[in-house]
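Colleague: I am new to this structure and would welcome a short walk through it. Could we look at it together?

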Amino acid sequence: MTESSALPAEPTTAPLLSADDVGRVVDRIAHQLIEKAGPDLGSLVLVGIPTRGAPLARRLAGRIETFSGVRVDVGTVDITLYRDDLRLRGVRALEDTRLPEAGIDGRLVVLVDDVLFSGRSVRAALDALRDLGRPRAVQLAVLVDRGHRELPIRADYVGKNVPTSRSQSVKVRLAEVDGADSVTVTS
Amino acid sequence: MVVKRHLLEAADLDRDDATLVLDTAAQIESALAGREVKKLPTLRGRTVVNLFYEDSTRTRISFELAAKRLSADVINFSAKGSSVSKGESLKDTALTLEAMGSDAIVVRHGASGAPHRLAQWVQGSVVNAGDGTHEHPTQALLDAYTIRQRLGRLDGVRVVIVGDVLHSRVARSNVWLLATLGAEVTLVAPPTLLPVGVGSWPVTVGYDLDAVLPKADVVMMLRVQAERMNASFFPSAREYSRRYGLDARRMGTLPDEAIVMHPGPMNRGMEIAAEVADSARSTIVDQVGNGVSVRMAVLYLLLGGAPGSE
Amino acid sequence: MTILIKGPRPYGEDAVDVLVEDGRIAAIGDSLTVPGADVVDAAGLVALPGLVDLHTHLREPGREDAETVETGSRAAALGGYTAVHAMANTDPVADTAGVVEQVWRLGQQAGLVDVVPVGAVTVGLRGERLAELGAMADSAARVRVFSDDGHCVADPALMRRALEYVKALDGVVAQHAEEPRLTVGAQMNEGDRSARLGLTGWPAAAEEAVIARDVLLAGHVGARLHVCHVSTAGSVEILRWAKGRGVQVTAEVTPHHLLLTDECAESYDPVFKVNPPLRTEADVQALRAGLADGTIDAVATDHAPHAVEDKESEWASARPGMLGLEQALSVVVQTMVEPGLLDWRGVAERMSVAPAAIGRLESHGRPLAVGEPATLLLLDPTHRATVDPAALASRSRNSPYAGRELPGRVVATFLRGTATVLDGKAQR
């Protein structure tokens, strides 16, 4: 999920990733997923973490089908009710949790998010998955890894590693949510 | 946003607040649908006290289940057999519970406004689970949720509320909430069971049930207590039932899609015939189930945020 | 003892000096100088005859934790009062000569105001049979006002007999007009707000019906009737009609009914719970107009102290009633004087002259004139202050004006030449 969605103003700095860059990064992750899953590709489930992880998961599924001809299942898991920082951040509207008909038991689940930062969102998503079923394995794909982990979590697929300072904000925009694709860093 | 501290009355909720509660309840319901583990860690470490001065097993259990599904610790404090029956005041009871670490008090009380008083005395959240003849906001929220679930919308839905409006906290909460959400509310009752001042409510008032049923999307039957008969609110149970009860014949005059609601507990044969209560139009069982989701949403929205934040 | 009050404005008119000797007004004139006199600087202050309250609950005997004759007397003096009628609903009820004499003596001992006991109309306020009205009238307390206040004398035959009987005593029945069958469980004014708040309504008709009945009865038997705490526009209309027909009826209105409306109930804070209840804005306006034109004769406080635990509760279980003695004059200044509905002579009439006449108190409500008792108050009408319940002299704290800014401050009160209040402080 976007850790900086409250950012009000348009950034004046040039984007770190342009719309074309975002497309290329998504393609690359799709190729990596196909390669790494191998014969298991059919049992793969892409589970997006709302808000922007959800369209990202759908895009990845679309690219995987284009490149491999295999249609993979997609779902979303809202982690709001699993967060451990509600007291600090206050409540927010909940988003969809939708899993494929076949569920996730015994399957390879790849969590998809836009930015990997503290790792707390992923921790919450893992807790949510545990209540939803028992996957064979869980992996993580993110568009941007900006560092500053607070938990022992790492991504299996990273679109771009971006060194940042803690005070900076990383803003991912996706056409489905924001009208256009870009990734920017603002101080 | 409902990042208020208390839920005291439906009249307090604006359209965005109310919609957020309903949407949150829907998300919670779908998140839990089909799961074996019907439990979320959201309110782990929080304590919810059910402070019930009136017997209401169903409401108490619904709140208890809601709090437990969000992993809160739940304490049930019934006024009977406690210090309350020894004359302890509401204020002292509330301050005692808070000193024991309660984060929220869900209160049912026979006196209108008791939750408002409580909210003036405690730091934590107060949820009104029914106060006197004033309001029962979570009942209205679950009713609105049920209508939206069945009919797909609330805006423009024609809701007829029938019965003892004068003494009904359910009716008051529904009037305000449904009006806020864009429904068209009609009250039908003997004039003795409508409050003086009902003219200032955002409703249409009628005395003839048969006249309004063919144009109703929802009929909500209120419980009528037989003791009202003794105070001459109406002459007899039979006459009441004949003029204001929902029987199979009357149900037949409803539009095809219309639903029949009742907040429970029902007086079968009085305000509602058994065959109506058990018909496919009846949402009475749905209402009970939806109550848990809606109360989870309320507890999440009130307690999920920073303690004491407005 | 000689006191020279320098520069007050009697009835808000031209400034004069007032010389007080032996409890009476000895001289009124410009630039009086009297060697050896205690001088009270009253420049700019309005002088009025000492106020008379027809309706005070002093709670003694029985609820000394809420108020005593002494603490209530002190509150009264600080409010500019020199006489208060102590209502009969004590424990035991003031329905015998013994109880009214006890209250009267406690008032004498306190020495701050004349405490005039009201006798119960019926034994135990139960509305069943007449109390010994004659014995109370003949007692040292010289009771002239009889009331079951808190309860209505609902039985029409009993009310008729009471009205007739007290004629022989030069007495008056002060009726708490409330048809009890119409107010079972009533919590607040019945109307839009009670409908929404879910509090059982107290319909205006329950008051008006009794007043209508009683003015007809009083007219029929040729007796005096006094109506307590009139609270509705309809009641004002009925009183106007009755007075037009020559019925010997007088009526009072409370400060709170002149200022506050049922909107106060929205907080569910029982400090605003009172009987009769706070009404609508239209009622408030009608009461002000009725007081201005004399349809309502007097302002009476219905000062009703309650212990904290009787108010710090949910609305329905709280006891009705609110404090009034210390803010009554301020409320009248705000609601009647400042809008131009009453001048200072009008205030004197409604808060001193008329209530003294209704209660048959010969030494109160007298004009500010040479030879009259020096029973008066000095008011700073320009002073404005926020009411702090903790600062009140009453033993209770249930002031509906808490946190409200009100005009006017009683600087001094004199009872027959003795200062009971000076510089805004009680002298004993």
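Predicted model: local features only at pLDDT ≥ 70, side-chain atom pairs only at ≥ 80, totals over all residues.

Colleague: How many helices and strands does chain A have?

Modeller: Chain A has five helices and seven strands; these are DSSP runs numbered from the N terminus, helices being H or I with at least four residues and strands E with at least two. Along the sequence, their pattern is α-β-α-β-α-β-α-β-β-β-α-β.

Colleague: And what is its radius of gyration?

Modeller: Chain A has 16 Å, which agrees with the value near 16 Å for a compact globule of 187 residues. The radius is taken over C-alpha atoms, and the globule rule is 2.2 Å times the number of residues to the power 0.38. The C-alpha trace of chain A spans about 45 × 40 × 30 Å along its principal axes.

Colleague: What share of chain A is buried?

Modeller: Of its 187 residues, 53% count as buried, meaning under 20% relative accessible area with a 1.4 Å probe and protein chains only; exposed is over 50%, and partly exposed lies in between.

Colleague: Turning to chain C, how many helices and strands are there?

Modeller: Chain C has 12 helices and 20 strands. Buried residues make up 63% of chain C.

Colleague: Which strands are joined to strand 17 of chain C?

Modeller: Strand 6 (residues 46–49) of chain C is joined to strand 17 (residues 376–386) by four bridges, and the two run antiparallel. Strand 18 (residues 405–415) of chain C is joined to strand 17 by eight bridges, also antiparallel. Two strands pair if DSSP finds at least two bridges between them.

Colleague: Which residues are bridge partners there?

Modeller: C:P49 has C:L376 of strand 17 as its bridge partner, and C:R384 has C:P407 of strand 18.

Colleague: Is helix 1 of chain C enclosed or open, and why?

Modeller: Helix 1 (residues 69–78) of chain C is largely enclosed by the rest of the structure, because nine of its 10 residues are buried. Among them are C:V69, C:R74 and C:L78.

Colleague: What do those buried residues pack against?

Modeller: Their partners in chain C include strand 8 (81–86), helix 2 (97–110), strand 9 (114–117) and strand 18. Just after helix 1, C:G80 takes a positive phi of about 95°.

Colleague: Buried or exposed?

Modeller: C:S313 is buried, with a relative accessible area of 8%.

Colleague: Which residues does C:S313 touch?

Modeller: Not counting residues up to four places away in sequence, C:S313 touches B:R117, B:W121, C:P270 and C:A318. Contact here means heavy atoms within 4.5 Å.

Key: Residues numbered from 1 in each chain as written. Chains lettered and ligands numbered in written order. Heavy atoms only, no water.
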